[in-house]
Amino acid sequence: MLSLFSGVGGIDLGLERAGMRVIAQCEQDAACRRILAQHWPGIPCHEDVSGLDAEWLEANGILLRPKQNPDAGRVDHGVGWGNEGTSNRGARSAPTHMGEGDDGRTRRGESVPVEDIRLPNTSAPDAIGIVAGGFPCQDLSVAGKRAGFDGKRSVLFYEAARIADLVLGDGGWLLIENVPGLFSSNGGRDFAAVLAALAELGFHDLAWRVLDSRYFGVPQRRRRVF
């Protein structure tokens with residue numbers, strides 16, 4: 001897995017416990033990078049998600065997805081990125097809506113049990129099967145000024161999408177996390193932009209759900225969209 005917005009490695013630790021192997025991270029905060037270096041010694045860590053590019057990935061032995069056309073993966077923050085034909089390279093996973101009722105059961109669409117998730121087969125040991133991270137929430141949270149994707153922080157989602165497009169082949173997974181305010185930001189238009197951007201890149205098996213940490217052994221009410 002490739003970890004973005006790594007923080008102190010919470011998502012990384014969870015996915016490692018699920019059988020993944022972290023081979024690269026990206027974190028801006030220097031204090032967090034020191035913690036990452038302590039728990040993941042020797043794992044390359046980029047300091048700026050906006051500067052994490054193909055050159056850095058290749059220099060650190062991370063395989064890139066073969067491009068089918070030169071514009072694939074180009075990000076224009078909003079709409080109209082890539083040429084016609086770049087969005088249907090085959091199903092990659094990140095519109096199925098897993099609407100959750102009060103009893104926690106799925107009402108529309110079907111959730112996929114984690115044990116049924118299969119990463120793409122590859123003979124290359126360092127090919128990325130999953131890109132994961134929680135992009136900044138400050139512009140989306142109901143506790144903030146709610147600038148949404150017009151702000152400078154939460155719009156970094158598009159960098160996660162760009163990087164996922166660089167490294168994930170058909171069958172690859174993108175796991176992103178944020179606050180439930182993502183649903184209502186800019187009247188729902190920001191969440192629509194997330195789905196549209198991923199679909200444009202070929203992530204056609206889209207699903208989302210709000211999970212609360214208090215139901216997973218953590219003594220804290222912490223609702224997040226995955």
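Predicted model: local features only at pLDDT ≥ 70, side-chain atom pairs only at ≥ 80, totals over all residues.
Biologist: What describes a pair of aromatic rings?

Modeller: You look at the distance of the centres and the angle of the planes. In this model, a search of the whole structure turns up six aromatic pairs. Take Phe183 and Phe191: their ring centres are 4.9 Å apart and the planes sit at 90°, so that pair is edge-to-face.

Biologist: Which parts of the chain does the pair of Phe191 and Trp208 link?

Modeller: Distant ones: Phe191 belongs to helix α6 (residues 189–200) and Trp208 to the loop between β9 (203–205) and β10, 17 residues apart. Their centres lie 5.1 Å apart with planes at 80°, so this pair is edge-to-face. Both Phe191 and Trp208 are buried. Elsewhere, Phe135, Phe149, Phe157 and Tyr158 make up one aromatic cluster.

Biologist: And Arg162, what does its side chain reach?

Modeller: The backbone oxygen of Leu52, at 2.9 Å. Arg162 sits in helix α4 (residues 157–167), and with 15% relative accessibility it counts as buried.

Biologist: Which residues form the nonpolar patch on the surface?

Modeller: Leu211, Tyr215, Phe216 and Phe226, with about 430 Å² of accessible area together. Have a look at Tyr215, in the loop between β10 (210–212) and β11 (223–225). Exposed means over 50%, and Tyr215 has a relative accessible area of 60%, so it is exposed.

How values were computed:
Residues numbered from 1 in each chain as written. Heavy atoms only, no water. Patch = residues over 30% accessible without salt bridge, like charges linked within 9 Å, V, L, I, M, F, W, Y side chains within 5 Å. Areas by Shrake-Rupley, 256 points an atom, 1.4 Å probe, with all protein chains shown as cover. Salt bridge = Lys/Arg side-chain N within 4 Å of Asp/Glu carboxyl O. Helix = DSSP H or I, 4+ residues; strand = E, 2+ residues; numbered from the N terminus. Buried < 20%, exposed > 50% of the residue type's maximum accessible area, 1.4 Å probe, protein only. Polar contact = N/O pair within 3.5 Å; in protein donor to acceptor, adjacent residues only side chain to side chain. Phe/Tyr/Trp six-rings, centres within 6.5 Å; stacked < 30°, edge-to-face > 60°.
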